[in-house]
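I am opening this notebook to keep track of what I looked up, in the order in which I looked. The chain and its model come before my entries.

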Amino acid sequence: MATTTIEIGDREENSPRDVDGTLDDTAHQISHDPWYQVGFVLTTGVNSAYVLGYAGSIMVHLGWIAGTTGLLLAAAISLYANALLARLHEVGGKRHIRYRDLAGYIYGRRMYALTWALQYINLFMINTGFIILAGQALKAIYILYRNDGLLKLPYCIAISGFVCALFAFGIPHLSALRIWLGFSTFFSLIYIFTAFVLSTRDGINAAPRDYSIPGSHISKIFNTIGALASLVFAYNTGMLPEIQIFASPTYEYLDTKYGRGKGDAFSLHNLSFRIVVRGGYLTVNTLVAALLPFLGDFMSLTGALSTFPLTFVLANHMYLKVKKSKLSTLQKTWHWLNVVAFGCLSVAAAVAAVRLIVVDSKTYHVFADL
């Protein structure tokens, strides 16, 4: 595949041309970042604020042995699934920079639309959940110093959404993250080190505790299924070609379709576009986060209906469809087994998530101060 240097706005980019000579149509920078920056994006994307919730959503319901083993197995399975997607990055002599483009090329226009819809829902829910976690962390810090009840969770969520908006305005695309990737990695390492030290100290000094899995027999079954879904969610978003940190594919779509303008990324036109469009998107994110602070239940349902199909079912089936002439009978059987197994797990996880929503809806209310 030939590579050529072109100009988009005021910057030069190395962008691949398709076999027919046309250029990948995107307003964002592609084929320019070094491998280590891509690695930082992937690493910080997985080691995000969601790790704060895995103790409660995974370890409590699976226990130490099953939970730890599950995390290791989920990492291996995720590596395998993403390796399949990486092998499909270039199909039919064309480089596909978006997951939905790849699905559309293989299956047709309807699958393109379905994949994009699932991606969008997944991204929206992930981004909303991220704002909820940030708000909860902010409130926890406030309580450490002043437990007067003045700063409620909805206010903390609003502050978190505003900070996210500032980053969305100031960072036009993933390649512009640069130094912020370093900060993110640094703070992630601080969190991991601090959590390890404090957990070790508490484990040594604390009295013996009961680590048995809580709940009734039926609750344990549904909670275990939900925890398995969380294990898979921990390492995947089903959008490897975009190499996203959460909302970036949505921004890329909006910037390419509606806001592509010439000039500097911080020109009045481009900056005002990001403020209006991305600001509006994050306003909706923040409103939903404050309205439904128990959104984790809905995220479990979203993961079951989108993350599982996109990351595992679709990845294995696309690989079968593209590579079928080169695969042995044993390899084909293996991929079909993955399609069926993860399809069934997706249905089971969806049922468990619906049950969790019904149970928790009796306890929580909108704009709750949890």
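This is a predicted model: local features need pLDDT of at least 70, side-chain atom pairs count only at pLDDT 80 or more; totals for chains, interfaces and linings use all residues.

Residues are numbered from 1 along each chain as its sequence is written, and side-chain values use heavy atoms, with hydrogens and water left out.

Is Tyr-99 buried or exposed? I found Tyr-99 at 0% relative accessibility, so Tyr-99 counts as buried. Tyr-99 belongs to helix H3, residues 99-107, where a helix is a DSSP run of H or I of at least four residues and a strand a run of E of at least two, both numbered from the N terminus. A polar atom of the Tyr-99 side chain lies 2.4 Å from the backbone oxygen of Leu-310.

I then turned to His-96, which sits in the loop between strand E4 (94-95) and H3. His-96 is buried because its relative accessibility is 2%, and a polar atom of its side chain is 3.4 Å from the backbone oxygen of Val-91.

Last, I checked the UniProt record, an unreviewed entry, which places the feature "transmembrane region" at several spans, including 62-81 and 275-292. In the model, residues 62-81 are 100% helix and 0% strand, with end C-alpha atoms 23 Å apart, whereas residues 275-292 are 94% helix and 0% strand, with end C-alpha atoms 25 Å apart.

Notes:
Buried means under 20% relative accessible area, exposed over 50%, partly exposed in between (1.4 Å probe, protein chains only). A polar contact is a pair of N or O atoms within 3.5 Å; within protein, one must be able to donate a hydrogen and the other to accept it, and residues adjacent in sequence count only if both atoms are side-chain atoms. UniProt positions are given in the numbering used here, feature names are shortened, and annotations may be inferred rather than shown by experiment.
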